[in-house]
Amino acid sequence: MPAPAIAFFYPRTVRYGINAVAGALEACGGFDPPELHFLRTEAALLECVPALAAAHGRVIVAFSLLSTLAPRAGALVAELRRSVPAGRLLFVAGGPHAGGDPAGTIALGFDVAVVGEGEEAFRELVRAWGEGGSLDGIAGLALSGPGGAVRPTGRRAPIDLDAFPSFAAAHHKLGPIEISRGCPFGCPFCQTSYHLGRRMRHRSAASIARHVALLAANGVRDVRVITPNAFAWGTGGAGGPEPARLEELLATVREALPRPGRIFFGSFPSEVRPEFVTPEAVALVRRYAANTMLVIGAQSGSPAQLEALGRGHCVDDVRRAVGHAVRGGLVPYVDLIFGLPGEREEDRRLSAALARELAAAGAVIHVHAFLPLPGTPWAGEPARPFDPLVRRLLSELAARRALHGDWRRKQEEALSCGAARRPGP
C-alpha cells in the first residue's frame, strides 16, 4: 500500500513543534518515507489537501494546536471533510491543547489527538495508517470512537531528546534547538509540566553541537534555543544554575558555529527563572551570546500569589535578577501575569508597584493576561479583563517605553479562548 501524503498546517505560531515532528519522520527508518507538505495558510490547506487526496488516495492532515487556534482548526476540519470523500483523510492534532483536552479535540472533528510528546507516537501512527493497520496499539493517543466516544491508548514514556532532531533539515524546516523539556514546578497556569513532564530533561552538548553544525551548513547564522529555563541546562531544574555546565554548553556551541554566527541564549523563544539569574550566568551570556536582553519569568509581584502559584522564588529574587542583569549589561524583560485566579486588588497593586520599580531600574515589562489552558489545574477558571488599575499601569509603562508586547491582543485572545472552551477533565 503506497504511503499517504502528510499535510501539515504550518502557520508561524506552531512551526517549531511541527519542525520537531517532521524531523522525527525524517530520522525514522523501517518504512517508506511519506511525502510531506507544509501549508502556511488556511487557503493553501483548503486548496492543497483535496488535490493531495486525489493524487495519493489518502492524506494525514496534521495540526499542532494552541488553545487560541483550536476553534478555527475545527472549522477547517469540517470544511475539508465536506470537500474530500470519506475515508481518505485522517485528521490528527498534537500540541499542548490536544494533549490537555483530548476529548474536546476529538469533539472539534479530529480523528486522533496526540497526548504528550509526538515524535514517537506520530511516526508510529503514520506507519500503521499507511500500512492499513490499527492505531489502537500505539501508546500516547486518544482515538475517536462511535458516537463521539474517546478511546485513550495509554501513556507513553518520555523520549530521550538526543534520539530525535529539533527540526526537519531535509525539508529545510529549520529553527531553534530544543535543549530542554519539562519543568519541576507545576505552576497551575502553565502547560509545560503537565504536557511535557515535571522532570527536566536536557539534550546533550554533543547533540546540540551537531544541530548547530547542521544549521550552519544550511546557511543559518543565528542560533536560538527552546527551553523553559535556559540557565537550568544540565541541572534538575531547581536550586540555581551550574555555571561550569553552562559554560561547557556555550563554548561548545561557539566552537561549532562558524563566524560571524551568533548565539542567543535566555531570550525568545526561551526565558530564565529569577533565582537562576546570577552574576556568573549573566557574564556567560555577555561573553558567548549576542542577545542584549534577558527574559525573566517573574509572573507576580505579590508574595501570596507566588506562593499560590508554587513558583519556588520570591519577589526579592526578581529584584536581584533584574539588578544582576542590568549591572551585567543586559536589558531584563520581565513577564508579569494579571487576572490570575484568586487575584485580589492588593495582589494587583503589589504587581503594579513592582513593575514600576523594575522599570525605573532599567527593565522592560511584558504584561500577560491569564489564559485558562487545558490540562492545567486552572483550566476551568475564567479569564477576566484588565481593571482600571492595570490599564493605568500599562499606559504609564507605554509612555516610558518600558512596555513590551501587544497586551490588547493577548487579552482579547484570553477572553475569547476562555469563553470558547469547556473546562478540561
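**Stop one: a sheet**

Select His 366 and you will find that its bridge partner in E17 is His 404. Before going further, know that this is a predicted model, in which local features need pLDDT of at least 70 and side-chain atom pairs count only at pLDDT 80 or more, while totals for chains, interfaces and linings use all residues. Residues are numbered from 1 along each chain as its sequence is written, and side-chain values use heavy atoms, with hydrogens and water left out.

A word on labels: helices (H or I, at least four residues) and strands (E, at least two) are DSSP runs, numbered from the N terminus. Now colour strand E16, residues 364–369, together with E17: two bridges join them, and they run parallel. Two strands pair if DSSP finds at least two bridges between them.

Which strands make up the whole open sheet, and in what order? There are four, ordered E14-E15-E16-E17, with parallel pairing. Strand E14 (293–299) and strand E17 (403–404) are at the edges with a single partner strand each, so one side of each has no neighbour in the sheet. In general, strands of a sheet pair through backbone hydrogen bonds, either parallel or antiparallel.

Next, show helix H12, residues 315–327. H12 lies across E14 and strand E15 (331–338), and runs at about 155° to E15. That angle is taken between N-to-C directions on a scale from 0 to 180 degrees, using axes that are lines fitted to C-alpha atoms, for helices over the stretch in contact. Contact means heavy atoms within 4.5 Å.

**Stop two: a cavity**

Select Ile 208, Val 223, Val 225, Leu 249, Leu 250, Val 253, Ile 263 and Phe 265, which line the largest cavity. On a 1 Å grid over the protein atoms alone, a cavity is a set of points where a 1.4 Å probe fits but cannot get out; a pocket is an open set with protein on both sides within 12 Å along at least five of seven lines; and lining residues have an atom within 4 Å of a point.

The volume of the largest cavity is about 50 Å³. A volume is the space filled by probe spheres set on the points, and grid points are joined across faces, edges and corners.

Which helix gives the most to this lining? Helix H9 (residues 243–256) does, with three residues. By class, the lining has eight nonpolar, no polar and no charged residues. Here Ala, Val, Leu, Ile, Met, Phe, Trp, Tyr, Cys and Pro count as nonpolar, Asp, Glu, Lys and Arg as charged, and the others, Gly among them, as polar.

**Stop three: a pocket**

Jump to Val 115, Gly 116, Arg 155, Tyr 194 and His 195. Of the 25 residues lining the second largest pocket, these lie nearest its centre. The pocket has a volume of about 450 Å³. Helix H4 (95–100), strand E6 (141–144) and helix H7 (192–196) each supply at least two lining residues, and H7 has the largest share, with four. The lining has 10 nonpolar, 11 polar and four charged residues.

Most residues other than glycine have a negative phi, and most peptide bonds are trans. Look at the bond from Arg 259 to Pro 260: this one is cis, with omega near 10°. Pro 260 sits in the loop between H9 and strand E13 (262–263). Another cis peptide bond joins Phe 268 and Pro 269, with omega about 10°; Pro 269 is in the loop between E13 and helix H10 (279–288).

Then click His 172, which is not a glycine but has a positive phi of about 55°. His 172 is in the loop between strand E7 (150–152) and strand E8 (177–178). Arg 401 also has a positive phi, near 60°, and sits in the loop between helix H14 (388–399) and E17.

Buried, exposed or partly exposed: which is each of them? His 172, at 46% relative accessibility, is partly exposed, while Arg 401, at 78%, is exposed. Buried means under 20% relative accessible area, exposed over 50%, and partly exposed in between (1.4 Å probe, protein chains only).

**Last stop: Pro 176**

Finish on Pro 176, in the loop between E7 and E8. Pro 176 is buried, at 8% relative accessibility. Leaving aside neighbours within four places in sequence, its contacts include Tyr 16, Phe 167, Val 225 and Pro 269.
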